[in-house]
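Me: I'm new to this one. Can you put it up and walk me through a few spots?

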Amino acid sequence: MGLGSWKRRGRRTLVAAALTTTIVAGTAGWTSGHEQRPLTGPPPGSASWRADGSLGRGLPDPATASPAQVAAFFAGLSTVERHELAARHPSVVGNLDGAPTALRYEANGMALRAERTRALADAADSSRTPQERATARALAERCAELLAPGRRILAFDPRGRGQVAEVYGDLVRARHVSVIVPGSDIDLGSFDRARDVYGTPAGMARSLQAAAGDGTAVVAWVGYTTPLGLGPDAATGRLADAGAPRLARFVQGLTAVGLPKPAVFCHSYGSVVCGLAAARLPASDLVVLGSPGLRADSVADLHTRARVWAARDDTDWIGKVPNVELFGLGHGADPTDSSFGARSVPTERAEGHTGYFAPGTDSLRAFADIATGASS
């Protein structure tokens, strides 16, 4: 590259950096109060789990044991021992990557019922503030909804804004598995909201599972603390840095119990999480859509064996976000640019930032082919 090209590239970078800084500075006044504290560490109840000597030996530490080690531990237990552990420690077993899938469903059912009971008690407690009682009522209603017959809850953690993973399709018998990783403004209360259905991980998962067919199971994974609105959290990688190891561990847990390597679909800020986790993800495919960047300059920088795909339609506002990473702001190169090296996903019929999984779109058809291994 000649000196003139370097100068032009430098000017473009500085302009983009200035624009990114302006966007963040302009929104910081109303978003600073929404700066999120990421949820990290092992599942709730881990201290009690570690202290449990009922089997005459130590249990795998949720903070340090790998999903493969967890899977090997449960494989050595009797059916009775597994169910007794789930009954004593539902919050741990339900969120323990590498534990048997059906056992996690069972444990999360128990955890949800216990949390609903606690929330109802808090809602009826006159010593609490009106806001606290309203929050408790909302949590009790949310737990009741997740306990509805037919729902398969693979993870549930009510701490903070709440986290959850729900399965669509038969994960135990699936020939193909996919995982949906959402972007901003998603948590326990909004992951399956009725508004903007295809902008939620639940709506994306339902649509993809229906398009891919019965042999495919799709997991809507809300296992990290997402940004709220625009501003510093969305413009930096702080929350993605905290979420990436959680995503990697979750996907490792799927393959540790014998499931096929999943296709991982990453929307918006979720693609930043996926980019940072890529080298540790045992995935068949990594698909980013409406992405502001992956904190990488190219597919090679991701250090992944997965096939990498990128989608962005012309009406998606994310295309106006500068693709730069400077002074901690921005998320790097545009993954839809040919120089990045990702495979292209057609998006002519998709509309807006949240229309990629809408029925009838070419992007959804392409996603279904990727999920089932039909795309080359």
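This is a predicted model: local features need pLDDT of at least 70, side-chain atom pairs count only at pLDDT 80 or more; totals for chains, interfaces and linings use all residues.

Me: Let's start with helix α7. How many residues does α7 have, and how far does it reach?

Reply: Helix α7 covers residues 130–146, which is 17 residues. From its first C-alpha to its last it reaches 25 Å. That is close to the 24 Å expected at 1.5 Å a residue.

Me: Which residues in α7 are buried?

Reply: Ala136, Ala140, Arg142, Cys143 and Leu146.

Me: And where do they sit around the axis of α7?

Reply: Seen down the axis, the buried residues of α7 fall within an arc of 160°, so they line one face of the helix. As background, an α-helix has 3.6 residues a turn, so residues three or four places apart point the same way.

Me: What does the face turned away from the buried side carry?

Reply: That face of α7 carries the exposed residues Pro130, Gln131 and Glu141.

Me: New topic. How many cavities of 30 Å³ or more are there?

Reply: The count comes to 2.

Me: Take the second largest cavity. How much space lies in it, and which residues line it?

Reply: About 30 Å³ lies in the second largest cavity. Its lining is Ala99, Thr101, Arg104, Leu154, Leu171, Gly253, Leu254 and Val257. Two elements, α6 (101–123) and α10 (238–256), each give two or more residues to that lining.

Me: What is the lining of the second largest cavity by class?

Reply: It has 5 nonpolar, 2 polar and 1 charged residues.

Me: On to single residues. Where is Pro67 found? Buried or exposed?

Reply: Pro67 is in helix α3, residues 67–75. Pro67 counts as buried, because its relative accessibility is 3% and buried means under 20%.

Me: What does Pro67 touch, leaving out residues up to four places away in sequence?

Reply: Pro67 touches Asp97, Gly98, Arg249, Gln252, Gly253 and Ala256. Gly253 also belongs to the lining of the second largest cavity.

Me: How far is Pro67 from Ala240?

Reply: Their C-alpha atoms are separated by 21 Å. Along the chain, the two are 173 residues apart.

Me: What about Phe73? Which helix does Phe73 lie in, and is it buried or exposed?

Reply: Phe73 lies in α3. At 11% relative accessibility, Phe73 counts as buried.

Me: Which residues is Phe73 in contact with, leaving aside neighbours within four places?

Reply: Phe73 is in contact with Leu55, Arg57, Gly58, Leu59, Pro60 and Leu85. Phe73 and Leu85 are 12 residues apart in sequence and 12 Å apart in space, C-alpha to C-alpha.

Me: Now the backbone. What is phi of Asp196, and where does Asp196 lie?

Reply: Phi of Asp196 is positive, about 55°, although Asp196 is not a glycine. Asp196 lies in the loop between β3 (176–181) and α8 (201–212). With 33% relative accessibility, Asp196 counts as partly exposed.

Me: And His303: what is its phi, and where is its place?

Reply: Phi of His303 is near 55°, a positive value in a residue other than glycine. The place of His303 is the loop between β6 (285–289) and β7 (307–311).

Me: Is His303 buried or exposed?

Reply: His303 is exposed, with a relative accessible area of 61%.

Key: Residues are numbered from 1 along each chain as its sequence is written. Side-chain values use heavy atoms; hydrogens and water are left out. On a 1 Å grid over the protein atoms alone, a cavity is a set of points where a 1.4 Å probe fits but cannot get out, and a pocket is an open set with protein on both sides within 12 Å along at least five of seven lines; lining residues have an atom within 4 Å of a point. Grid points are joined across faces, edges and corners, and a volume is the space filled by probe spheres set on the points. Helices (H or I, at least four residues) and strands (E, at least two) are DSSP runs, numbered from the N terminus. Ala, Val, Leu, Ile, Met, Phe, Trp, Tyr, Cys and Pro count as nonpolar, Asp, Glu, Lys and Arg as charged, and the others, Gly among them, as polar. The expected span of a helix is 1.5 Å times one less than its number of residues. Buried means under 20% relative accessible area, exposed over 50%, partly exposed in between (1.4 Å probe, protein chains only). The arc is that of the directions from the helix axis to the C-beta atoms. Contact means heavy atoms within 4.5 Å.
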